[in-house]
Amino acid sequence: MSDATLHATSPDPDDFSVQIADQVESFLVAVTEVAKGDEPDSAVPFLLLEVSQLLLAGGRLGAHEDIVPDERYEPDLGPEADVDILRERLAVMLEPIDVYSEVFDPYEPRKAPVACRISDDLADVIADLRHGMAHYRAGRTTEAMWWWQFSYFSNWGSTASGALRALQSLVAHVRLNQPLDDLNGLDTDQDLGEDALAEEAGQVMAQEIAGPLGLRTVT
């Protein structure tokens, strides 16, 4: 992709930067709406779809050549928007399936899984994407693309991937009528090993959460 595409002055829908920005904006709007809690019954399937679509944009950024910003130092964006309210709303809505276990680096041998939260993941991704969107809306397209690409590799790509695995696993447990480990009550600040996670995890049958999550009733 040429620099001319990134510096395009007209919003050509075929431009790479415009397509990425549209996908980012769609995710920001969608997750913010879900966090309002107006339709909790469809929250998990909808989040699964939105995170999947966002990671398509991430994959495109990852496959793209390195994007170099126009300026040596990043322009000051001022105070960052607070995502704590969104995080808290998602945590309430996703209870009791917010906590899941994750291995951060699959290429690091014998690394023990740790407890994570889907609500934390989504809020962190939102913060990264909003940062780049502030540049984009200010007309600094290349700066925005650089930030989204850099932060995809350094943070939001792996964070969104972890949330996606958790959401996909949740939907699969319910659709396949399989028991679901309840990680509710785990301290996400503790470095728990796999055995500790298994020991603390209780059993929550899928039928107990299928209705509230908008998934089919388990018979």
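Arg 137 is exposed, with a relative accessible area of 59%; here buried means under 20% relative accessible area, exposed over 50%, and partly exposed in between, using a 1.4 Å probe and protein chains only. This is a predicted model, in which local features need pLDDT of at least 70 and side-chain atom pairs count only at pLDDT 80 or more, while totals for chains, interfaces and linings use all residues. Residues are numbered from 1 along each chain as its sequence is written, and side-chain values use heavy atoms, with hydrogens and water left out.

Let's stay with Arg 137 and look at its partner. The side chain of Arg 137 meets that of Glu 25 in a salt bridge, at 2.7 Å from N to O. The pair ties together parts that are 112 residues apart in sequence, because Arg 137 lies in helix H5 (residues 118–137) and Glu 25 in helix H2 (residues 16–35). Helices are DSSP runs of H or I with at least four residues, and strands are runs of E with at least two, numbered from the N terminus. Glu 25 is partly exposed, at a relative accessible area of 27%. Side chains of opposite charge can pair when their charged atoms come close. The whole structure has 7 salt bridges.

Next, follow Arg 87. Its side chain forms a salt bridge with Asp 84 at 3.7 Å, N to O. Asp 84 is partly exposed, with a relative accessible area of 38%. Arg 87 also forms a salt bridge with Asp 124, where the closest N and O atoms are 3.4 Å apart. Asp 124 lies in helix H5 and Arg 87 in helix H4, so this pair ties together parts 37 residues apart in sequence. Asp 124 is partly exposed too, at 31%. Salt bridges link Asp 84, Arg 87, Asp 120 and Asp 124 in a network.

Now for the rings. Rings of Phe, Tyr and Trp (its six-membered ring) pair if their centres lie within 6.5 Å, and planes under 30 degrees apart count as stacked, over 60 as edge-to-face and the rest as tilted. By this rule there are 6 aromatic pairs. One of them is the stacked pair of Trp 146 and Phe 150, with 5.4 Å centre to centre and 5 degrees between the planes. Being 4 residues apart in helix H6 (residues 141–175), they are separated by about one helical turn. Trp 146 is partly exposed at 22% relative accessible area, and Phe 150 is partly exposed at 41%. Ring pairs also bring in Trp 147, linking Trp 146, Trp 147 and Phe 150 into a cluster.

Note on methods: A salt bridge is a side-chain nitrogen of Lys or Arg within 4 Å of a carboxyl oxygen of Asp or Glu.
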